[in-house]
Amino acid sequence: QVQLVESGGGLVQAGDSLRLSCAASGRTFSNYAMGWFRQAPGKEREFVAAISWSGVTYYADSVKGRFTISRDNAKNTVYLQMNSLKPEDTAVYYCARAVSVTRVASAYNYWGQGTQVTVSS
């Protein structure tokens, strides 16, 4: 059973930075793509960023240039560095695992429990 545990969320002011972490269980972390999604109250879950097993990255237009996804396969961990945060970034952030890198949420078959990010203006 794969478990994904996010951490690093919190309450920050606009313009601040946060780094989210997602620790994965299992020995085959390096074989899979990892993604970050977010869901704001009353909105659908949306793609934020993804990274392939080889390190190729993809971003939503809304976060490109501000967020950076990375992974440390030795630590079974994927990160989301979030800079220049805006109030519209407020959401619950989820990490997820997929066989191959994609922006499509339904392709991810394991999900973490989420971590709240709140950005005040």
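Predicted model: local features only at pLDDT ≥ 70, side-chain atom pairs only at ≥ 80, totals over all residues.

**Charges, core and cavity**

Reader: Is Asp-61 buried or exposed?

Author: Asp-61 has a relative accessible area of 67%. The scale runs from buried (under 20%) through partly exposed (in between) to exposed (over 50%), with a 1.4 Å probe and protein chains only. Asp-61 therefore counts as exposed.

Reader: How far apart are the closest N and O atoms in the salt bridge of Asp-61?

Author: A salt bridge needs a side-chain nitrogen of Lys or Arg within 4 Å of a carboxyl oxygen of Asp or Glu. The partner of Asp-61 is Lys-64. Their closest N and O atoms are separated by 3.3 Å.

Reader: Which residue forms a salt bridge with Glu-46?

Author: Glu-46 is partly exposed, at 36% relative accessible area. The N to O distance is 2.6 Å, and the partner is Arg-38.

Reader: How many residues apart in sequence are the parts tied together by Arg-66 and Asp-89?

Author: The side chains of Arg-66 and Asp-89 meet in a salt bridge, at 2.8 Å from N to O. Arg-66 sits in the loop between β6 (57-59) and β7 (67-72), and Asp-89 in the loop between β8 (77-82) and β9 (91-98), so the parts tied together are separated in sequence by 23 residues. Strands here are DSSP E runs of at least two residues, numbered from the N terminus. The sequence gap is thus 23 residues.

Reader: Is Asp-89 buried or exposed?

Author: Arg-66 has a relative accessible area of 11%, so it is buried. Asp-89 comes to 1%, which means that it is buried.

Reader: Which members of the largest nonpolar core touch the most other members?

Author: In general, nonpolar side chains tend to be buried together in soluble globular proteins. A nonpolar core is a set of buried Ala, Val, Leu, Ile, Met, Phe, Trp, Tyr and Cys residues, joined through side-chain atoms within 4.5 Å. Here the largest one has 34 residues, and those touching the most other members are Trp-36, Leu-80, Met-82 and Tyr-93.

Reader: Which strands each supply at least two residues of this core?

Author: Met-82, one of those named, is in strand β8. The strands that each give the core at least two residues are β3 (18-24), β4 (33-39), β5 (46-51), β7, β8, β9 and β11 (115-120).

Reader: What is the relative accessibility of Met-82?

Author: Contact means heavy atoms within 4.5 Å. Leaving aside neighbours within four places in sequence, Met-82 is in contact with residues including Leu-18, Phe-67 and Tyr-93. Met-82 counts as buried because its relative accessibility is 0%.

Reader: What is the relative accessible area of Leu-4?

Author: Leu-4 is in strand β1 (residues 4-7). Beyond its neighbours within four places in sequence, its contacts include Cys-22, Cys-95 and Trp-111. Leu-4 is buried, because its relative accessible area is 5%.

Reader: What is the volume of the largest cavity?

Author: A cavity is a set of points on a 1 Å grid over the protein atoms alone, where a 1.4 Å probe fits but cannot get out; lining residues have an atom within 4 Å of a point. Grid points join across faces, edges and corners, and the volume is the space filled by probe spheres set on them. The lining includes Val-2, Phe-29 and Arg-97. The volume is about 40 Å³.

Reader: Where is Asn-76 found?

Author: Asn-76 is not a glycine, and its phi is positive, near 55°. Asn-76 is buried, at 17% relative accessible area. It is found in the loop between β7 and β8.

Reader: Where does Ser-84 lie?

Author: Ser-84 also has a positive phi, about 50°, without being a glycine. At 41% relative accessibility, Ser-84 is partly exposed. It lies in the loop between β8 and β9.

How values were computed
Residues numbered from 1 in each chain as written. Heavy atoms only, no water. Helix = DSSP H or I, 4+ residues; strand = E, 2+ residues; numbered from the N terminus. 1 Å grid on protein atoms, 1.4 Å probe; cavity = no way out; pocket = protein on both sides within 12 Å on 5 of 7 lines; lining within 4 Å.
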